[in-house]
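Subject: Structure handover

Hello,

Here is the structure I said I would pass on. The notes on what was found in it follow below.

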Amino acid sequence: TLFRSIRTRNFLTNRLLNRKQMVVEVLHPGQGSISKVDVREKLSKMYKTTPDLVFCFGFKTKFGGGKTSGFALVYDTMDYAKKFEPKYRLVRHKLLEVKKVARKQRKERKNRMKKARGTDKATR
């Protein structure tokens, strides 16, 4: 951990989504931008959980550096995280494998769909 301090504000316990959500402010004078992995580690210690249940995103470093703010979600269990987190964030955490479809196949499928009409599209 290279940063001096980490602060959370606008803390909210979201019982519907079984998570804690907060705005995270990191003070790191003299350093460049910070690693989200380091922030996850630090937050997991603060909230007594494991780093894989902490999802950090939307970090912006203030002009001139020294201060970065972003958003963090701390889920109660991995099942809730997998249920409520968007797929792209699960891919970032290596919890989901995205299967790449070739560009040509995608285009061919799109053009086939253009020819189909009505409810026929749902079956293709």
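In which helix is Leu90 found? Leu90 is found in helix 3, where helices (H or I, at least four residues) and strands (E, at least two) are DSSP runs numbered from the N terminus.

Before the rest, the basis. This is a predicted model, in which local features need pLDDT of at least 70 and side-chain atom pairs count only at pLDDT 80 or more, while totals for chains, interfaces and linings use all residues. Residues are numbered from 1 along each chain as its sequence is written, and side-chain values use heavy atoms, with hydrogens and water left out.

Leu90 and Glu85

Leu90 counts as buried because its relative accessible area is 3%; buried means under 20%, exposed over 50%, and partly exposed in between (1.4 Å probe, protein chains only). Not counting residues up to four places away in sequence, Leu90 touches Phe55, Ala81, Lys82, Glu85, Leu95 and Leu96, a contact being heavy atoms within 4.5 Å.

Glu85 lies in the loop between helix 2 (78–84) and helix 3. Its relative accessibility is 3%, so Glu85 counts as buried. Leaving aside neighbours within four places in sequence, Glu85 is in contact with Arg19, Phe55, Leu73, Tyr75 and Leu90. Glu85 and Phe55 are 30 residues apart in sequence, and their C-alpha atoms are 8.8 Å apart. The side chain of Glu85 also meets that of Arg89 in a salt bridge, at 2.6 Å from N to O. A salt bridge here is a side-chain nitrogen of Lys or Arg within 4 Å of a carboxyl oxygen of Asp or Glu. Both Arg89 and Glu85 are buried.

Four strands form an open sheet in the order 1-2-4-3, with antiparallel pairing; two strands pair if DSSP finds at least two bridges between them. Strand 1 (5–14) and strand 3 (54–61) stand at the edges with a single partner strand each, so one side of each has no neighbour in the sheet. On average, neighbouring strands of this sheet are turned by 20° against each other, direction ignored. Helix 1 (residues 36–46) packs on the sheet and touches strand 1, strand 2 (19–27), strand 3 and strand 4; the direction of helix 1 makes about 125° with that of strand 3. For these angles, axes are lines fitted to C-alpha atoms, for helices over the stretch in contact, and angles run from 0 to 180 degrees between N-to-C directions.

Strand 1 and strand 2 pair in the antiparallel sense over eight bridges. They form a hairpin with four residues between them, and Asn18 in the turn has a positive phi of about 50°. In this pairing, Arg7 stands opposite Glu25 in strand 2. Strand 3 is joined to strand 4 (residues 67–75) by six bridges, and the two run antiparallel. Thr61 stands opposite Thr68 in strand 4.

Salt bridges

How many salt bridges does the structure hold? It holds four. One of them joins the side chains of Arg9 and Glu25, at 2.8 Å from N to O. This pair links distant parts of the chain, with Arg9 in strand 1 and Glu25 in strand 2, 16 residues apart. Arg9 counts as partly exposed because its relative accessibility is 38%, whereas Glu25 is buried, with a relative accessible area of 11%.

Asp76 forms a salt bridge with Lys20, and the closest N and O atoms are 3.9 Å apart. Here too the pair links distant parts of the chain: Asp76 is in the loop between strand 4 and helix 2, Lys20 is in strand 2, and they are 56 residues apart. Asp76 is partly exposed, with a relative accessible area of 42%. Lys20 is partly exposed as well, at 24%.

Surface patch

Leu96 sits in the loop between helix 3 (87–92) and helix 4 (103–115). At 32% relative accessibility, Leu96 counts as partly exposed. Together with Val91 and Val98, Leu96 forms a nonpolar patch on the surface, with about 210 Å² of accessible area in total. Patches are made of residues with over 30% relative accessible area and no salt bridge; like charges are joined within 9 Å, and nonpolar side chains (Val, Leu, Ile, Met, Phe, Trp, Tyr) within 5 Å. Accessible areas come from the Shrake-Rupley method with a 1.4 Å probe, and for residues only the protein chains shown count as cover.

Regards
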